[in-house]
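Have the structure open and follow along.

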Amino acid sequence: MVDTMPMNGTMTDVVLRAKDCDIYYGAYKAVRDVSIDIPKNKITAFIGPSGCGKSTVLRCFNRLNDLIESFRLKGQMTYHGQDLYASDVDPVEVRRRIGMLFQKPNPFPKTIYDNIAYGPRIKGFKGDLDELVETSLRRAVLWDEVKDKLQESGFSLSGGQQQRLCIARTIAVEPEVVLMDEPCAALDPISTLKIEELMKELVQNYTIIIVTHNMQQATRVADYTAFYNAQVVEGAGGKVGYLAEFNHTETIFSDPEQESTRDYVTGRFG
Amino acid sequence: MTTVSGAADAFDAKSLKANKSSSRNLFNIIMTTLAGLCIALALVPLVLVLFYVFVNGANRLDLDLFTQLPPPPGSAGGGISNAISGTIIVVAISTLISVPIGVLCAIWLAEFGGDDTSIDEYVRFGVNMLAGVPSIIAGVFIYGIMVRPGRPGYSALAGGVALAVLMLPTIIRTTDEALKIVPQDIRWASLGVGASKYQTVLKVVLPAAIPSILTGVTLAIARAAGETAPLIFTALFSPFRFSGIDNPIATLAVLVYNFAILPFKPQQELAWAASLILVLLVLITSIIARIATRQKTY
Ligand SMILES: Nc1ncnc2c1ncn2[C@@H]1O[C@H](COP(=O)(O)OP(=O)(O)OP(=O)(O)O)[C@@H](O)[C@H]1O
Ligand SMILES: [Mg+2]
């Protein structure tokens, strides 16, 4: 059984908690038995081979999976102790508190300015929108590159710039938790480092979960690391993902409990 | 270096020069010629129609045409001002009716149908059936509801409704497709920053699809403007100026139909001129559609 609380009592608050979660797409069980506690104001990394359900688990935390018709969750997910999937919970409220950043940059077909201003406007933001746009862009280290073309389309930017635009868009609505699904997959090493610095700065006020295939990135930014693995199921005709190990990042990378974790983090994985 | 020069020799052994008489190249040439001929054949009617209409319509293309009413049968002069404004009014009525209904229907199909897809399928099937309904049937249908004895009677409004019935399927289909082309990603992004479903559709998805929707709407308008059959049953015709949407109204298409078969030269000339104006109107709308498409966001 995987230890859901690697912090051994020293832990701060738990923001998100999954308890015995099985996740299905139709009849296909994509993830089984995930129990994990995400600590407040820390960066938690999800690592693991492709298709083991990292994105799936991540999307459950802000109920984005609701949009996939075949999706079904068995088990319990809580946010500050509230059941995220209780029938009286409004998914829109959930997503306002738990923001998401996607693997592929997905700016709106709007101007750079409106891309950032969209979320705050939706929330009924009353303050100085220009200032909010500027600070958000500055924090996403994009301001200098776009300050002269705020009225141009978000698509006029390069892939990496678009991703930073999406980061700025996410932090503009000031969520409490930011879920990042391979946010740096399309970025060059310098932008990646900038984003990592941003994450470290953000984590003082936010809780971050980041999915990454980059081991160095996990060791650089994450306080805790969860290693997911996939297992072939007899008869079910597919693989099912599960949480193999969850611990302090140093422990995962230097002295993991499981052989598969050691193999994966040292790159000896099949 | 021996291996390198050896490789080069082997490479030289096969010439890269084009061999025009090879069967592959011959086939290419024949097919290209055939395709070119077919294009020419397809363009012949188009060019001839345009040419014919221009030649015959151009000699009445004067100021009177746009300002005067049609003269009594047999007498010369006059114009078709009431038919020009009439076509614009009827088409405007049909657009005002069909665009909101069509776009909202498509939004429901593309964005909200979701859970019960079978209803979507029935609606889509129905829309496709409606698209195949001959225009004269749309006219008879509206005649039955709005015109026949005991009902309000012939009117611009009835004409507009009949055209709206014809425009509706085009608008629903193009909008449905335009919405579906908008990448799923940006819906997720919008929901991800805390927007509700309807905020997402109205503020992100719809604006992204607007150029394609406009194209569909303009094409529907262009088609409706040229329809004659449904208007004969509904808007009828009027030799007078516009006098309210509850009265019969002149339209270009019906004017062409009425005047072309009269045995008087001036009326026939007016029919040609009206054809030319109609063609130009449709052409302009299509060009607008073209320009709208060029600004595609996706
Ligand atoms: N929308 C969906 N519908 C059906 N099955 C899905 C869907 N999304 C993911 N899956 C399945 O769930 C499993 C886990 O997918 P997921 O995207 O969570 O993996 P991942 O760990 O994020 O992989 P990667 O590292 O490649 O992004 C896969 O087998 C995938 O085929
Ligand atoms: Mg993924």
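In this predicted model, 25 residues of chain A and 20 residues of chain B make up the contact. Together the two chains bury about 1,900 Å², with carbon and sulfur atoms giving 68% of that. On the chain A side, A:Pro109, A:Tyr118 and A:Ile122 bring 26% of the area that chain A buries against chain B, more than any other three residues.

**Polar links across the interface**
- The rule picks out one salt bridge between chain A and chain B.
- That bridge pairs A:Lys104 with B:Asp185, and their closest N and O atoms are 3.2 Å apart.
- Five residue pairs are in polar contact between chain A and chain B, counting pairs with both residues at pLDDT 80 or more.

**What chain A puts into the contact**
- α2 (91-97), β6 (98-101), α3 (112-122) and α6 (159-172) of chain A each provide at least two residues of the side that touches chain B.
- By type, that side of chain A splits into 14 nonpolar, four polar and seven charged residues.

**The nonpolar cores**
- The largest nonpolar core holds 60 residues, and A:Tyr118, B:Ile80, B:Leu163, B:Ile213, B:Leu252 and B:Leu255 have the most contacts inside it.
- α3 of chain A gives two or more residues to this core, as do several chain B helices, including α4 (81-112) and α12 (265-294).
- α9(B) makes the largest contribution, with twelve residues.
- Beyond its neighbours within four places in sequence, A:Tyr118 touches A:Phe108 and A:Lys110, plus chain B residues including B:Ser190, B:Val193 and B:Val204.
- Another core, apart from this one, has 46 residues, among them A:Tyr113, A:Val133, A:Leu137 and A:Ala222.

Key. Residues numbered from 1 in each chain as written. Chains lettered and ligands numbered in written order. Predicted model: local features only at pLDDT ≥ 70, side-chain atom pairs only at ≥ 80, totals over all residues. Heavy atoms only, no water. Contact = heavy atoms within 4.5 Å. Buried area = accessible area lost by both parts, 1.4 Å probe. Salt bridge = Lys/Arg side-chain N within 4 Å of Asp/Glu carboxyl O. Polar contact = N/O pair within 3.5 Å; in protein donor to acceptor, adjacent residues only side chain to side chain. Helix = DSSP H or I, 4+ residues; strand = E, 2+ residues; numbered from the N terminus. Nonpolar A, V, L, I, M, F, W, Y, C, P; charged D, E, K, R; others polar. Core = buried A, V, L, I, M, F, W, Y, C linked by side-chain atoms within 4.5 Å. Buried < 20%, exposed > 50% of the residue type's maximum accessible area, 1.4 Å probe, protein only.
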